[in-house]
Amino acid sequence: MDFVVRIIVSIVISFAVTFIASKVIIPVLRRKKAGQNVRDDGPQSHLVKQGTPTMGGIMMVIGIVVTVLCLSVYPDAPAGLTVVFLLVAMLGFTLIGFWDDIVKLLQKRSLGLRAWQKIVLQLVVAAVVAVLACIVLGSTQERIPFTTNTVEMGMGKIPFTMFVFIAMVNSVNLTDGLDGLATSLTLVNTLSYLAIILLGYPLLLTGAREMLHMVDLTNVAVFAAAVSGACIAFLCFNKYPAQVFMGDTGSFALGAAITVIAAALDFQIMIAITGFMFALSAVSVIIQVGSFKLRGKRVFKMAPLHHHFELKGVPETRVVLGYVIITVILCAMCVLGVGITGM
């Protein structure tokens, strides 16, 4: 199957599987009363969302996994290991999010696992993924955005990869507070990395630049396309007003998915740019907590930052649109930079 055709088919299949799964699973979640428990101290406009089905990330994960298993290429062991690496990274963090969601539902509260429990589990999964990345990808380098330079990190690549995974997963989780926000930003990110792969693929064909093995790059592209298709389908149910929330199951899965794509391309540093709005959510929480503990004063009306804008009177849909526009601009800059400098 032609490379571009494979990508298009991946998006279509992932969309279809996720959409159908959503149609089947959302009513089940309603019957099981698997609804969101909204924080009392949050924006009052969110109280109407109490009871909205959560854990919708399950549908996206189903769509992604089915697509990747069906459309990836397995001509040799290394190519198969690439698929294993991609799925283990996403599913490992998905399971932590799923466990967290289950605890929330069983205990009928907005907080699930304790902070120390989540960070320990994340450290374990991140360590496994980082070591697997070193074994499967065999890369100890990181590409510098907007240049042709790379940084040789040696064994330091393992703790670096762990840090990026944990930071990104938690940043996406914190950003998942408005209808369609985390899903939309993830879609823009994965499409941008898909565009970067499309720019780099002809270089492999001509032998102008040595990168990943062509089959491995095809599998990374299939994975990125599958994530994109799943996000598009989920937005049909998650856009304002949301019929379902992704829960930590989805936010952890999407955070890991973005990071594992960047890791496979040696572009983890670039996440600081493409995922800037995700990082902004995490930074705003750190600033808020730090300021309150040190000064006894809050910097924002509420953290993460998107809730601050809401409490300032900005409509939820406008906040989401603003975040998406900024992310599109930043991702377009990165894609253009790769197009100019090459991979």
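Biologist: How is pLDDT read, and what is the mean pLDDT of the protein?

Modeller: This is a predicted model, in which local features need pLDDT of at least 70 and side-chain atom pairs count only at pLDDT 80 or more, while totals for chains, interfaces and linings use all residues. Residues are numbered from 1 along each chain as its sequence is written, and side-chain values use heavy atoms, leaving out hydrogens and water. The term pLDDT is the predictor's confidence in each residue, from 0 to 100. Here the mean is 89, and 88% of the residues reach 70 or more.

Biologist: Over which residues does pLDDT stay under 50?

Modeller: Where pLDDT is low, the predicted coordinates should not be read in detail. In this model that value stays under 50 over residues 204-211.

Biologist: Is Cys70 buried or exposed, and is Cys231 buried or exposed?

Modeller: Buried means under 20% relative accessible area, exposed over 50%, and partly exposed in between, with a 1.4 Å probe and protein chains only. Cys70 counts as exposed because its relative accessibility is 55%, whereas Cys231, at 0%, counts as buried. A disulfide is a pair of cysteine sulfur atoms within 2.5 Å, and the structure holds zero disulfides.

Biologist: Which residues touch the most other members of the largest nonpolar core?

Modeller: A nonpolar core is a set of buried Ala, Val, Leu, Ile, Met, Phe, Trp, Tyr and Cys residues joined through side-chain atoms within 4.5 Å. In the largest one, which has 90 residues, they are Phe85, Met90, Phe93, Tyr193 and Phe223.

Key. Contact = heavy atoms within 4.5 Å.
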